[in-house]
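Subject: Structure for your review

Dear colleague,

Please find the structure below, together with its sequence.

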2 protein chains.
Amino acid sequence: MTTSSTIMDSNSFRPEDMADLDERTRSLAERRAILGPSYRLFYHHPLNLVRGRGTRLFDGDGTEYLDVYNNIPSLGHSHPAVQEAVSRQLGLINTHTRYLHENILDYAEDLLSTMPGELNHVMFLLSGSEANDLAVRVAQAYTGGTGIIVTSEAYHGNTELITKLSPSIGHDQPMAIDMRMIPTPDTYRLRTEDLGTWMAEHVRKQAADMRRHGIAFAGLLIDDIFSSDGVFPGKPGFLKPVVEAVHELGGVYIADEVQPGFTRTGTFWGFERHDVVPDIVTMGKPMANGIACSAVAAREDVLDAFAQSSPYFNTFAGSPVAMAAAQATLDAMREEDTMGNARRIGGVLLEELRSLAREFPQIGDVRGAGLFIGADVVAPGTTDPDYPAAVRLIEGMRERRVLTSLCGPFGNVLKIRPPLVFDESDVDWFMSALRDTLRNG
Amino acid sequence: MTTSSTIMDSNSFRPEDMADLDERTRSLAERRAILGPSYRLFYHHPLNLVRGRGTRLFDGDGTEYLDVYNNIPSLGHSHPAVQEAVSRQLGLINTHTRYLHENILDYAEDLLSTMPGELNHVMFLLSGSEANDLAVRVAQAYTGGTGIIVTSEAYHGNTELITKLSPSIGHDQPMAIDMRMIPTPDTYRLRTEDLGTWMAEHVRKQAADMRRHGIAFAGLLIDDIFSSDGVFPGKPGFLKPVVEAVHELGGVYIADEVQPGFTRTGTFWGFERHDVVPDIVTMGKPMANGIACSAVAAREDVLDAFAQSSPYFNTFAGSPVAMAAAQATLDAMREEDTMGNARRIGGVLLEELRSLAREFPQIGDVRGAGLFIGADVVAPGTTDPDYPAAVRLIEGMRERRVLTSLCGPFGNVLKIRPPLVFDESDVDWFMSALRDTLRNG
């Protein structure tokens with residue numbers, strides 16, 4: 001079986017592909033040695049993108065690409081309202097949270113108005129990684145436990161603490177001694193009538209194993225679209241018994257909304273699909289359409305144990321500029337109804353993909369919520385993941401100037417996660433490129 | 001003895017001061033409850049700053065303040081070149097490091113050209129905290145050890161890993177089980193002829209203690225201006241025997257340049273003052289004049305063990321916008337010669353402060369490098385820290401519209417760390433406000 005870390009390598013540009021590149025691309029790729037071996041480039045023929053607008057990207061030659069991958073510029077690339085808000089605030093002032101500033105207060109109040117009333121406190125940070133790093137400590141301080149449960153293919157970020165709670169980084173990476181994993185809720189391959197009960201049982205089992213090893217359970221950290229697991233939205237509400245189990249066990253439920261949050265899945269927050277209220281919510285990526293900004297929202301009593309005892313300061317977070325960018329993004333999400341568009345266009349896309357899957361048996365399953373869709377590439381007639389076919393598919397799409405990516409433990413799930421301003425003409429381009437690639441390779 | 005955490009509280013606005021505030025300030029301060037109890041405000045009468053230019057800041061009433069504290073806007077507040085570069089790049093494209101982009105390569109090459117040739121690789125992140133979090137893992141992967149030595153009053157950041165290597169956060173905060181501390185190189189109170197040898201001996205002693213507890217030594221993580229320790233630049237070169245000891249012990253020397261770096265101390269990097277070459281350098285705060293940007297620079301062989309084995313991706317880091325802001329900042333530092341100004345004006349300031357100290361015995365010691373200066377507030381005729389007098393001093397300065405802060409384990413050191421465009425007229429305002437406060441309270 002291919003592990004995630006080898007997939008992260010194979011899915012990327014490799015030094016042996018260097019000779020195939022045109023001179024300019026090769027020169028840029030070669031200069032990347034300065035960044036060291038951790039950095040990965042997408043595609044065997046990497047892209048040098050220099051301009052973007054809406055769902056479209058342009059390389060140095062002016063060639064146009066359709067973006068079906070990037071979830072940070074949810075409002076589309078180079079959104080003028082965000083540019084204007086950042087530029088304006090940079091011309092005024094950009095300090096930190098140890099002075100008073102209206103931007104952070106206005107935005108904090110506006111952001112929390114999108115959530116259930118219990119979630120009445122918010123702290124700002126820079127990245128989803130930092131948000132999850134803080135959220136885990138908040139959960140530990142509140143419960144007095146340390147043990148965190150995640151799914152077996154989860155990715156929650158890049159700090160030392162969170163890397164050790166991110167098994168998808170690779171089987172060779174050490175996990176935290178007090179963490180436990182539950183299986184991915186793979187609705188395509190699992191034979192279970194009741195996904196929620198199945199998952200709740202796994203949580204109970206792992207919490208019991210923690211107890212046996214002298215570890216006190218602190219909470220469950222999950223991304224409710226199960227993105228790195230392979231995109232498994234499941235039926236609305238299936239997380240209800242899972243969250244109940246977590247609370248019965250004395251833990252907290254941390255909703256990692258870095259990927260599903262901010263209207264992508266057709267509700268403002270992914271957890272709304274399940275009619276559950278998290279104890280802690282983390283968010284990031286699309287929050288300020290590309291300006292570094294993330295947050296941890298929590299109930300007052302949950303946050304208190306940490307915050308009363310630990311000073312916490314984050315230099316750049318919550319700055320007037322970050323807050324201006326986040327506010328402009330939230331305003332534009334409402335004005336442009338990205339939630340409605342995610343639901344409507346996401347629905348169209350899901351239907352078209354399902355009809356395509358009936359035509360092409362190598363698409364074994366299509367599932368999604370809003371504009372977060374996964375298409376499972378398999379050996380026809382089976383549910384066996386076909387990773388090489390999936391790589392050929394995204395490389396073929398790239399040759400047709402359509403940008404997608406892969407996810408899941410076998411790296412065989414086509415990840416369809418475009419900017420939220422994706423429209424009918426984008427769907428047409430995407431579907432015809434996909435059909436053509438499936439047909440002609 | 002007062003601990004750092006109680007100092008962090010006392011030095012800040014307290015809820016009981018609420019009644020003294022004007023209506024608008026009170027309303028803003030009250031609304032901050034939404035951010036939870038971790039957030040601290042400076043001053044008993046907090047500031048609502050809405051505009052800044054150069055070294056000057058303005059509140060909502062148009063009142064002008066002199067900034068002698070903020071080290072993020074090194075080029076001065078609202079620098080037009082940074083605003084222009086960010087705005088321009090936001091109008092073009094802002095993606096991530098999995099596509100090729102010239103900005104990150106141009107900047108990486110330019111940044112490394114400021115360092116010794118051995119430091120030939122660089123990875124980009126968002127904050128000094130993230131940079132130190134990564135640097136410690138790089139050091140651990142390279143050495144095979146885990147034990148990190150820091151000074152007893154160090155602050156290196158806010159992630160879980162780095163909080164446990166930041167004793168200045170407070171005596172109640174748990175430190176890492178495999179870390180050790182060496183004393184602050186307090187040149188004012190220590191009776192030692194040879195600070196470097198003294199410090200090297202402490203490093204050897206702590207590494208031996210690690211060994212005895214079965215912990216392999218990974219490295220020394222220090223800020224060479226010893227900022228949170230109370231600002232102790234020491235004599236140029238004093239770190240040489242310390243770095244030698246670290247290498248003899250098989251560890252790496254991580255220079256945390258988040259505070260001293262980028263020309264503040266009168267050399268481009270703080271470590272240059274000591275004629276030593278770090279194995280790893282971390283940097284942040286002033287790097288992009290307020291846009292979230294940080295980095296880890298390292299020797300290729302040091303970085304390799306981590307980078308070859310661990311994929312690492314940071315969503316917002318190294319983005320075209322962050323790199324445009326960092327490049328504009330570096331360019332402006334050269335054009336405006338912030339290094340020369342830090343040396344020249346820093347020298348003037350140091351002289352004036354030393355002459356003031358001869359007049360006012362409550363200033364026991366003045367020390368600094370470039371525009372990073374500490375003034376030790378003591379009980380006259382002794383070296384005993386006088387924390388209440390220091391608080392009265394910065395509150396008195398604030399009433400005279402001059403913004404400073406305190407540092408050190410006793411919270412009694414006036415921290416003088418202005419934007420690097422500080423000029424003679426700023427020195428005059430600062431010195432007359434300081435003299436007046438010392439005289440009249």
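**The second largest cavity**

The residues that line the second largest cavity fall into 12 nonpolar and 6 polar ones, with no charged residues among them. Please bear in mind throughout that this is a predicted model. The space in this second largest cavity amounts to about 150 Å³. Its lining is made up of 18 residues, and those closest to its centre are A:Gly290, A:Ile291, A:Ala292, B:Ile291 and B:Ala292. Helix α10 (320-335) of chain A and α10 (320-335) of chain B also take part, each giving at least two residues to the lining. As for the total, the count is 11 cavities of 30 Å³ or more.

**How the two chains are related**

**The interface between the chains**

How many residues of chain B are in contact with chain A? There are 90 of them, and they meet 90 residues of chain A. The size of an interface is often given as the accessible area lost when the parts come together. Between chain B and chain A, the buried area is about 8,400 Å², and carbon and sulfur atoms give 58% of it. On the chain B side, B:Tyr99, B:Leu100 and B:Phe316 supply 10% of the area buried against chain A, more than any other three residues.

**The two domains of chain A**

The domain assignment of chain A lists domain 1 (4-75 + 337-440) and domain 2 (80-335). Taken over C-alpha atoms, the centres of domain 1 and domain 2 of chain A are separated by 26 Å. In chain A, 40 residues of domain 1 are in contact with 35 residues of domain 2. These two domains of chain A bury about 2,900 Å² between them, with 56% of it on carbon and sulfur atoms. Of the area that domain 1 of chain A buries against domain 2 of chain A, 22% is supplied by A:Ile72, A:Leu75 and A:Phe372, more than by any other three residues.

Yours sincerely,

A colleague

Definitions and conventions:
Residues are numbered from 1 along each chain as its sequence is written. Chains are lettered from A and ligands numbered from 1 in the order in which they are written. This is a predicted model: local features need pLDDT of at least 70, side-chain atom pairs count only at pLDDT 80 or more; totals for chains, interfaces and linings use all residues. Side-chain values use heavy atoms; hydrogens and water are left out. On a 1 Å grid over the protein atoms alone, a cavity is a set of points where a 1.4 Å probe fits but cannot get out, and a pocket is an open set with protein on both sides within 12 Å along at least five of seven lines; lining residues have an atom within 4 Å of a point. Grid points are joined across faces, edges and corners, and a volume is the space filled by probe spheres set on the points. Helices (H or I, at least four residues) and strands (E, at least two) are DSSP runs, numbered from the N terminus. Ala, Val, Leu, Ile, Met, Phe, Trp, Tyr, Cys and Pro count as nonpolar, Asp, Glu, Lys and Arg as charged, and the others, Gly among them, as polar. Domain bounds come from an automatic or database domain assignment. Contact means heavy atoms within 4.5 Å. Buried area is the accessible area (1.4 Å probe) that two parts lose on being put together, summed over both.
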